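Please open the model in your viewer and keep the sequence panel beside it. The stops below are meant to be selected one after another, and each is followed by a description of what is found there.

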Amino acid sequence: IEKRFGAGGSLLVSYTNSKLISDVDSASAWLEVGSALPQNYYDLKGERSLSVFDVPQRLVTSYVLDLPFGQGKKFLSGTKGAAGKLVSGWGLDGVLTMQRGFPLFITASQNLANAFAGTSRPNVNGQDPNMDSGSAVSRLNKWFNTSVFSQPAAFTFGNAPRTLPNVRSQGIDNLDFALFKDTRFGPEDKLKLQFRAEVFNIANRVQFGYPGTSFGTAQFGIVSTQSNQPRLIQLALRFAF
């Protein structure tokens with residue numbers, strides 16, 4: 001949805017609802033982060049699940065707004081000279097991104113299948129490991145119910161799916177904001193100097209990384225990393241001619 005405003009500015013809202021199903025995600029998992037390899041290359045039907053790149057919902061809202069001050073605007077339009085240059089050309093823009101997290105893929109630290117497989121997975125007892133009932137901070141030491149998993153017997157494959165359909169990493173909730181000022185000068189105001197003050201992740205929200213997904217390790221189910229950057233402020237000056 002796009003809306004352009006007569007006084008200067010625009011609003012763009014984009015929403016995506018999707019579901020991505022696959023039986024393999026990458027042939028070069030060692031080059032990427034977050035690839036769930038098959039555990040039995042001779043039964044790819046058993047690998048069918050949500051892709052590790054599945055994003056069921058994503059909302060992006062971006063806007064540009066020219067503030068109504070200065071020459072040709074609703075307020076202070078009659079201001080001339082240096083004062084007119086000072087109050088004219090101000091504007092705001094920003095981007096809000098909200099997105100669900102990615103499905104988790106669980107592996108077993110011990111491969112007792114003794115098969116030349118891509119990976120090994122544990123057994124799951126049929127209970128839902130989802131524990132998404134509290135805040136992310138409250139679940140850092142137990143992102144999901146680890147007790148539903150167990151080590152498969154020797155020479156057998158685990159029955160856990162390639163990705164967990166109901167357990168995901170933390171999603172994105174981020175707002176970027178910028179304040180800018182355009183100052184025109186020179187012959188027929190053809191020259192422009194733009195100053196920008198940009199703030200990324202203005203709310204300073206943390207996006208936690210993946211929990212430990214290797215069954216049998218001390219970090220299994222524990223979140224100990226951060227995926228995004230803290231608040232970042234930068235100033236820029238651009239000359240257009």
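Begin by selecting T97, which has its place in strand β6; strands (E, at least two residues) and helices (H or I, at least four) are DSSP runs, numbered from the N terminus. The model is a predicted one, in which local features need pLDDT of at least 70 and side-chain atom pairs count only at pLDDT 80 or more, while totals for chains, interfaces and linings use all residues. Residues are numbered from 1 along each chain as its sequence is written, and side-chain values use heavy atoms, with hydrogens and water left out.

T97 counts as buried because its relative accessibility is 13%, where buried means under 20% relative accessible area, exposed over 50% and partly exposed in between, with a 1.4 Å probe and protein chains only. If neighbours within four places in sequence are set aside, T97 is in contact (heavy atoms within 4.5 Å) with R58, L59, V60, I172, D173 and N174.

Next, stay in strand β6 and select Q99, which is likewise buried, at a relative accessible area of 14%. Beyond residues up to four places away in sequence, Q99 touches V55, Q57, R58, G171 and I172. With R58, the side chain of Q99 makes a polar contact of 2.3 Å, a term for a pair of N or O atoms within 3.5 Å, of which, within protein, one must be able to donate a hydrogen and the other to accept it, residues adjacent in sequence counting only if both atoms are side-chain atoms.

Which residues lie nearest the centre of the largest pocket? Select Q99, G101, S169, Q170 and G171, which hold that position among the 27 residues of the lining. A pocket, on a 1 Å grid over the protein atoms alone, is an open set of points with protein on both sides within 12 Å along at least five of seven lines, where a cavity would be a set of points in which a 1.4 Å probe fits but cannot get out; lining residues have an atom within 4 Å of a point. The volume is about 580 Å³, meaning the space filled by probe spheres set on the points, which are joined across faces, edges and corners. The elements that give two or more residues to the lining of this largest pocket are β6 and β10 (172–185), and β10 provides the largest share, three residues.

Move on to the second largest pocket, which holds about 280 Å³ of space. Of its 15 lining residues, S88, G89, D182, T183 and R184 are the closest to the centre. Both α1 (81–87) and β10 supply at least two residues of this lining, with β10 giving the most, five residues.

Now select F105, in the loop between β6 (90–99) and β7 (107–108). F105 is buried, with a relative accessible area of 14%, and its C-alpha atom is separated by 11 Å from that of P38, 67 residues apart along the chain.

Finish at strands β1 (residues 2–4) and β2 (residues 9–17), which pair (DSSP finds at least two bridges between paired strands) in the antiparallel sense over three bridges. K3 has L11 in β2 as its bridge partner. The two strands form a hairpin with four residues between them, and G8 in the turn has a positive phi of about 115 degrees. β2 also pairs with strand β5 (residues 57–66), in the antiparallel sense over nine bridges, and there N17 has Q57 as its bridge partner.
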